[in-house]
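Here's a walk through one protein model, from the overall picture down to single residues. Have the sequence and the 3D view open side by side as you read.

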Amino acid sequence: MNEGEGPKLAGPRTNGRQSDAANILAAVLVFVLGVVTGFPLATTGVQFLTENLGQVLTVLLVLLLVALVIATLLFIFRKQIWGSLFRRGEIEMERFAQPLADVARYAATQKVDEATDAARSLAELVLARYAWIATRRWLVATMTAFIAAIAALAGSALLFQQNQLLREQTERLSEQNRMIEYQIELGDADRSAAILPEILDIGAELGNEANSIDPMADGSLSTNALSASLQARIVAASNAARPYRYLQSPILQLDDEQISVSALLRRRDLPVAERVASQLRAAGIEPEAITELGAGELIDRPVSPERGQLLTLLFQSRFFDTEWLTSVGADFSYAEVRAPILVLMSLRHANLRFADFSRISLNQVQFGGAVLEQARFVRTELKSVSFAALTNSQAHQTYQAPDSETLWVTRMSGADFRRARIEASSFAGAAGFAINFDGALLHEVDFSGASIAGSTFRGATFGAVDFSGANMASVDFQDAVVFDPGFLETLGSQAEAGSFDPGAYRLEPVPDSQRAELPLQTEHFRMGELADAPAFRIVSFDQP
């Protein structure tokens, strides 16, 4: 009997391997379910679900249907399946009594073989019963999980859709707020533009009175000779004109070189077009805004074109001095000057805070003693322009003090000379913090005695420059280009004692391949013999 039944002992181990395979299959199914539901959330998230919700639900419903089919097949063919696995197709609880009683009886009579067979039958029943219970639990849990996942996904989809709508609503509210801001700013612009007829009348009066005033030796006219009524109108107009912001097309931000090369943006098939686009982006101009001719954005800070127009009218009528008008209350702060060129103008002592002289030419203009805090001279051509402090004798007669030692300092904190071309000009004795000369070209410029702590000359190009006695504390020369191999030592000896450390920088030769990119190589500006001199770039030791 033992020999005949020996081969039957291998049955349970085979069934155990089959049970392990079933468990692995169940684990794989659960893993697939987790991937189907979790992967979209973890990777593509809300957008994926909102765009592909139908497909996700379809996959889940198909899997639920598959689970139902498996459950049905297991229920219908459970006797055959469990019979093949455990040799037991009937696994009711009542069937446990007989093999259990047999085990006890055979054990009492010490019949080992019969007790072993009875124990095997009992084990088969127990395993079959447990396998069926576990299978039912798995099926119920799987279908419950699918149903819960579908219900949760449906609710989540509604929440996702709600969040998407809220996001769109927030964007529209932001756009609405931006439009309201535009409306307010442009409303201020309309109110300020109402003063334009008065400014035109002032221009006509200036022309009329200019014909009746004797010119001075240099051909200019004095605002002191204007009638008291016209002076009062100019002062009143300058104070009535308020600064505001307006819409500016990006095309107006282009300089001559950018206007020329921007035509290449039409040829996107050429490699040079992408380089041009990159250069424009580096200058803060979006190429798409140029090619699409958009309406533009509000300018970054308020200005007063009307005050700038008053200065232009004075220049065009040959009234080159403004000191008298300033002394009686004229305000030119925030003035936006758009005349192509100003020549021989005297703006000494003028209030020019936040004024904008960008992209024009200034020739022999006097700014001594003026208030130029946060004024802009971006891409401006400055030749023989003076920002130097004024001694008492140099000040206008209406400003001269009894004390002959009085010094009228030009206040320039935050003034912006980015990419300006400055030639034969003076900043001697001027004072200001954090003045911006980044990318500027400076030749024959005098900074002697100036206080320019915290200013930056990043990427600037220096010709002949004098910093004798200047306060250079925390001034940044990173990537500036010079033509004197002893520039740093000369600067260290000229600067105010202890304000500049030449050991913080080093000079690196500029390769010939980069010479063409230097500002002095342009056809509009030359620096004589320096054009062919060896060039060096200033590099901080803190930089690699």
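## Ground rules

A quick word on burial: a residue is called buried when its relative accessible area is under 20%, exposed when that area is over 50%, and partly exposed in between, using a 1.4 Å probe and protein chains only. What you're looking at is a predicted model, so local features need pLDDT of at least 70 and side-chain atom pairs count only at pLDDT 80 or more, while totals for chains, interfaces and linings use all residues. Numbering starts from 1 along each chain as its sequence is written, and side-chain values use heavy atoms, with hydrogens and water left out.

## The overall picture

The protein has 14 helices and 15 strands.

Of the 544 residues, 41% are buried. The accessible surface comes to about 28,600 Å², and carbon and sulfur atoms own 58% of that; areas are computed by the Shrake-Rupley method with a 1.4 Å probe, and for residues only the protein chains shown count as cover. As for contacts (heavy atoms within 4.5 Å), take those with a separation of 6 or more: 54% of them join residues 24 or more positions apart.

## Helix 12 and its two partners

Start with helix 7 (residues 196–210) against helix 12 (residues 305–316): their axes are 10 Å apart and cross at about 10 degrees. That makes the two helices roughly parallel. The axes here are lines fitted to C-alpha atoms, for helices over the stretch in contact, with angles running from 0 to 180 degrees between N-to-C directions. Under 35 degrees counts as roughly parallel, over 145 as roughly antiparallel, 65 to 115 as roughly perpendicular, and the rest as oblique. On the helix 7 side you'll find I199, I202, G203 and L206, meeting E306, Q309, L310, L313 and L314 of helix 12. The tally for this contact is 6 nonpolar, 2 polar and 1 charged, where Ala, Val, Leu, Ile, Met, Phe, Trp, Tyr, Cys and Pro are nonpolar, Asp, Glu, Lys and Arg are charged, and the others, Gly among them, are polar.

Helix 8 brings I234, A237, S238 and N239, and helix 12 answers with R307, L310 and L314. That contact splits into 4 nonpolar, 2 polar and 1 charged.

## Between helix 7 and helix 8

Have a look at S220, in the loop between helix 7 and helix 8 (228–240). S220 is buried, at 4% relative accessible area. Setting aside neighbours within four places in sequence, S220 is in contact with P215, R318 and F320.

Y399 is buried at 17% relative accessibility, whereas W408 is partly exposed at 25%.

## Two positive phi values

Most residues other than glycine have a negative phi. H349 has a positive one, near 65 degrees, and sits in the loop between strand 3 (341–343) and strand 4 (361–363). S474 is also positive without being a glycine, at about 60 degrees, in the loop between strand 12 (465–466) and strand 13 (481–482).

Buried or exposed? H349 is buried, at 8%, while S474 is exposed, at 65%.

## Links across the sequence

F487 belongs to helix 14 (residues 487–494) and is buried at 8% relative accessibility. F487 and I538 are 51 residues apart in sequence, with 9.4 Å from C-alpha to C-alpha. Not counting residues up to four places away, F487 touches F462, V482 and I538.

D446, in strand 10 (residues 445–446), is partly exposed at 24%. Its C-alpha is 6.7 Å from that of F467, 21 residues apart along the chain. Beyond four places in sequence, D446 touches S425, S426, F427, A428 and D466.

Definitions and conventions
Helices (H or I, at least four residues) and strands (E, at least two) are DSSP runs, numbered from the N terminus.
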